[in-house]
2 protein chains.
Amino acid sequence: MSQGTLYIISAPSGAGKSSLISALLKDNSCYDVQVSVSHTTRAPRKGEENGIHYHFVPVSEFKELIKQDAFLEYAKVFDNFYGTSRLWIEGMLAKGIDIFLDIDWQGAQQIRKKMPHAKSIFILPPSREELEHRLNARGQDADEVIAKRMAEACSEISHYNEYDYVIVNDDFNVALMDMKVILHAERMTQNKQTRKYHDMLDRLLAQ
Amino acid sequence: MSQGTLYIISAPSGAGKSSLISALLKDNSCYDVQVSVSHTTRAPRKGEENGIHYHFVPVSEFKELIKQDAFLEYAKVFDNFYGTSRLWIEGMLAKGIDIFLDIDWQGAQQIRKKMPHAKSIFILPPSREELEHRLNARGQDADEVIAKRMAEACSEISHYNEYDYVIVNDDFNVALMDMKVILHAERMTQNKQTRKYHDMLDRLLAQ
């Protein structure tokens with residue numbers, strides 16, 4: 001069986017990353033794809049389910065997992081810990097399942113070091129104007145909140161060139177197809193195909 | 001503008017390489033793709049056109065082109081020279097056109113050294129039985145001719161693991177889609193996208 005691929009997916013807020021990942025997971029008729037569910041010590045928000053949106057754990061348990069080197073990466077954001085489980089991801093990859101890891105550029109840098117075979121995809125908005133529009137359209141936030149979001153988005157975007165693939169999310173369905181195409185192409189790389197067609201290749205090469 | 005990609009395509013006889021390339025060239029609604037036309041010193045066969053199937057040149061001219069380092073690779077096969085024009089390929093790639101280079105594993109090794117950004121695709125038949133069937137189905141050849149073809153095919157196949165991608169041509173339309181998917185995915189690699197979206201990225205990153 002072929003090993004799955006770990007996909008690191010990053011994007012600025014407003015690029016449509018979450019919607020693209022959701023759509024891909026719903027439409028996985030051709031692909032075995034799952035999204036990595038992070039561990040966190042923060043409290044669940046309304047509608048969030050344990051094991052679906054996050055693995056919600058107490059701080060003591062999180063610190064114990066850090067000691068066990070159970071995380072591919074973890075970070076503390078505003079007093080809360082967030083981490084990515086190495087064991088779960090490695091188990092899924094061994095089953096031939098591709099894993100999506102929704103993470104920012106800093107987490108991506110950590111993951112690349114620990115999982116050098118991971119492929120990374122950066123999703124861009126189609127223009128600065130559209131990004132501003134999308135960040136504004138989210139609610140009735142104050143100008144300075146929006147300006148702060150825009151600055152954060154630009155900071156994230158400045159790392160786009162650390163990624164293997166770049167998708168521009170102008171038309172949602174085109175961007176979704178782009179993601180599927182990347183997954184499909186990666187499954188045709190020689191290493192994956194050698195594992196998948198191991199027996200057939202043995203017979204072809206028998207003298 | 002984004003630089004085109006040079007695709008090295010190899011396969012044993014009977015894998016369907018030529019049919020796949022032809023179909024891809026006819027169906028390039030989405031892609032700028034052309035096939036590299038080799039130079040040769042052999043005489044044209046019936047139906048072969050100069051500049052389409054080969055650039056037919058005299059031996060003296062071929063040797064002059066060798067001196068000028070005009071070939072990415074060349075080889076002498078049964079008293080005839082065959083070569084791949086560096087100038088033509090580099091010109092097409094600069095225009096953003098992807099080039100298909102239909103070549104055996106030995107030529108592929110030479111090309112990889114001179115064009116390290118080339119991507120290579122190996123096309124496999126779906127089984128040994130089907131390969132034997134396809135090699136037999138070609139005509140009324142003697143058993144020993146077929147056995148020789150089979151040995152040559154196995155020899156070519158033994159180099160499949162030197163290639164970036166492997167396509168198994170079981171269902172022709174699936175294999176054709178596989179090739180298109182590889183071309184599409186390569187166009188989303190960060191280097192290509194950075195060139196394509198250069199101006200947009202400048203605006204996104206402006207403070």
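In the predicted model, 35 residues of chain A are in contact with 35 residues of chain B. The two chains bury about 3,100 Å² between them, and 68% of this area lies on carbon and sulfur atoms. Met188(A), Gln190(A) and Leu204(A) supply 21% of the area that chain A buries against chain B, more than any other three residues. Between the chains there are 0 salt bridges, whereas 16 residue pairs are in polar contact, both residues being at pLDDT 80 or more. Several elements of chain A each supply at least two residues to the side that touches chain B: helices H5 (128–136), H6 (143–157), H7 (172–186), H8 (190–196) and H9 (198–205), together with strand E9 (165–168). By class, this side of chain A has 22 nonpolar, 9 polar and 4 charged residues.

Within chain A, helix H3 (residues 86–94) has Arg86(A), Ile89(A), Met92(A) and Leu93(A) buried. These residues lie on the same side of H3(A), because they cover an arc of only 140 degrees around the axis. An α-helix has 3.6 residues a turn, so residues three or four places apart point the same way. The buried residues of H3(A) pack against strands E1 (6–10), E2 (33–35), E5 (71–77), E6 (80–85) and E7 (98–102) and against helix H4 (105–114) of chain A. The N-terminal end of H3(A) is capped by Ser85(A), with a side-chain oxygen 3.3 Å from the backbone nitrogen of Trp88(A). Gly96(A), which follows H3(A), has a positive phi near 85 degrees.

In chain B, the buried residues of helix H1 (residues 17–26) are Lys17(B), Leu20(B), Ile21(B), Ala23(B) and Leu24(B). Their arc around the axis is only 165 degrees, which puts them on the same side of H1(B). The elements of chain B that cover them include strands E1 (6–10), E2 (33–35), E7 (98–102) and E8 (119–124) and helix H7 (172–186).

Backbone torsions were also examined. Most residues other than glycine have a negative phi. Phe78(A), which is not a glycine, has a positive phi of about 50 degrees. Phe78(A) is found in the loop between E5 and E6 of chain A and is exposed, with a relative accessible area of 74%. Asp69(B), also a residue other than glycine, has a positive phi near 55 degrees. Asp69(B) is found in the loop between helix H2 (59–67) and strand E5 (71–77) of chain B, and at 43% relative accessibility Asp69(B) counts as partly exposed.

Methods
Residues are numbered from 1 along each chain as its sequence is written. Chains are lettered from A and ligands numbered from 1 in the order in which they are written. This is a predicted model: local features need pLDDT of at least 70, side-chain atom pairs count only at pLDDT 80 or more; totals for chains, interfaces and linings use all residues. Side-chain values use heavy atoms; hydrogens and water are left out. Contact means heavy atoms within 4.5 Å. Buried area is the accessible area (1.4 Å probe) that two parts lose on being put together, summed over both. A salt bridge is a side-chain nitrogen of Lys or Arg within 4 Å of a carboxyl oxygen of Asp or Glu. A polar contact is a pair of N or O atoms within 3.5 Å; within protein, one must be able to donate a hydrogen and the other to accept it, and residues adjacent in sequence count only if both atoms are side-chain atoms. Helices (H or I, at least four residues) and strands (E, at least two) are DSSP runs, numbered from the N terminus. Ala, Val, Leu, Ile, Met, Phe, Trp, Tyr, Cys and Pro count as nonpolar, Asp, Glu, Lys and Arg as charged, and the others, Gly among them, as polar. Buried means under 20% relative accessible area, exposed over 50%, partly exposed in between (1.4 Å probe, protein chains only). The arc is that of the directions from the helix axis to the C-beta atoms.
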